[in-house]
Amino acid sequence: MFRATPPSYSASPFSSSSDAARHRATLWWTLGALACVVAWDAAGQDLQAAHLFGTGSGFPLRDHWLLVQVLHEGARYLAWLVALLLALGVWWPWGMLRRLDTAGRLQIAASALLALAVVSVMKNLSTTSCPWDLAEFGGVARHASHWALGTLDGGSGRCFPAGHASAGFAFVGGYFALRRTEPGAARWWLGAAMAAGFVLGAAQQMRGAHFMSHTLWTGWLCWTTGWICDMAATALRQRLSAWVGGPVGIGAAS
């Protein structure tokens, strides 16, 4: 008796030449960015950069209204609003999301929420304190590298990586979802997310809430999380395509 053979699960996220080329390029960009962040850490520039805004009595701009009310509180609420709209857009697409299929819209929303979660978990496990906690800036803690895992510096900890910068960087995952079908929009999306992350990170640096390395590592973590989500989405599409017996439309609106 003839028995149907189920589709194979051997499909790789790099099975098409275009996907392979994209992922190779992304790998080099990811490794290059990692090298730059590690080089900053190795050079020990965090304290020097913090002294640009901090003194022995603290950070004069810590409570500045623009940095606190607009670039901290306002930006935080805006980021969660965007994340909510992206999640709702999976089922009720708006604007540019209408040009993506349901899977693409889900990838954008999921990658942003996952990036926020990754940074939040790491931050809550960290024993690294913020610049404004250090004795040389009027606090009580001593400076210890965030690589000194488990080392207590005498401060409150929970300051690495930069949680607030993730309010911008977390959305870089949208670049990966858009670049197959909307490359121009993908570049604009990436530029906006990166710019927002660096602006929010710089604002916190000026207040004494984070070192520059905290912001750089947050950007790298969010980028890498977005890429991993993209590889997972690619693999899932190929598996679904194998089951339905044909290609799954990547750019078709549902």
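User: Is Leu 78 buried or exposed?

Analyst: Keep in mind that this model is predicted. The general idea is to compare relative accessible area with a cut-off: exposed means over 50%. Leu 78 has 53% relative accessibility, so Leu 78 counts as exposed. Its place is in helix α3.

User: What elements make up the chain?

Analyst: The chain has eight helices and zero strands. From the N terminus on, the order is α-α-α-α-α-α-α-α. Then check contacts along the sequence. Of the contacts with a separation of 6 or more, 77% are between residues 24 or more positions apart.

User: Where is Pro 60 found?

Analyst: In the loop between α2 (46-50) and α3 (65-89). Pro 60 counts as exposed, at 63% relative accessibility. Pro 60 and Met 206 are 146 residues apart in sequence, while their C-alpha atoms are 8.7 Å apart.

User: How many aromatic pairs are there?

Analyst: Pairing is a matter of ring centres within 6.5 Å, and planes over 60 degrees apart count as edge-to-face. The count comes to seven aromatic pairs. One of them is Trp 147 with Trp 217, at 5.5 Å centre to centre and 80 degrees between the planes, which is edge-to-face.

User: Which parts of the chain does the pair of Trp 147 and Trp 217 tie together?

Analyst: Trp 147 lies in the loop between α4 (102-125) and α5 (166-169). Trp 217 is in helix α8 (residues 212-244), so the pair ties together parts that are 70 residues apart in sequence. Trp 147 is exposed, with a relative accessible area of 52%. Trp 217 is buried, at 8%.

Another edge-to-face pair is Tyr 175 with Phe 176, at 5.3 Å centre to centre and 70 degrees between the planes. Both Tyr 175 and Phe 176 are buried.

User: Which residues form an aromatic cluster with Trp 147?

Analyst: Trp 217 and Trp 220. The three form one cluster.

User: What sits over the ring of Trp 132?

Analyst: The charged end of Arg 62, 3.8 Å from the ring centre. A second case is Arg 76, which lies over the face of Tyr 77 at 5.1 Å from the ring centre.

User: Which side chain does Arg 76 meet in a salt bridge?

Analyst: Look for a side-chain nitrogen of Lys or Arg within 4 Å of a carboxyl oxygen of Asp or Glu. Arg 76 meets Glu 73, at 2.4 Å from N to O. Both lie in helix α3, three residues apart, about one turn of the helix. Arg 76 is partly exposed, with a relative accessible area of 31%. Glu 73 is also partly exposed, at 22%.

User: How many salt bridges does a search of the whole structure find?

Analyst: Four. Among them is Arg 99 with Glu 182, at 2.9 Å from N to O. That pair links distant parts of the chain, 83 residues apart. Arg 99 is in the loop between α3 and α4, and Glu 182 is in the loop between α6 (173-178) and α7 (183-207). Arg 99 is partly exposed, with 43% relative accessible area. Glu 182 is buried, at 17%.

User: Where do Asp 230 and Arg 179 lie?

Analyst: Asp 230 is in helix α8. Arg 179 is in the loop between α6 and α7, and the two are 51 residues apart. Their side chains meet in a salt bridge of 3.5 Å, N to O. Both are buried. Finally, look for shared partners: salt bridges join Arg 179, Arg 180 and Asp 230 into one network.

Conventions. Residues are numbered from 1 along each chain as its sequence is written. Side-chain values use heavy atoms; hydrogens and water are left out. Helices (H or I, at least four residues) and strands (E, at least two) are DSSP runs, numbered from the N terminus. Buried means under 20% relative accessible area, exposed over 50%, partly exposed in between (1.4 Å probe, protein chains only). Contact means heavy atoms within 4.5 Å. Rings of Phe, Tyr and Trp (its six-membered ring) pair if their centres lie within 6.5 Å; planes under 30 degrees apart count as stacked, over 60 as edge-to-face and the rest as tilted. A charge sits over a ring if NZ of Lys or CZ of Arg is within 6 Å of the ring centre and within 35 degrees of the ring normal.
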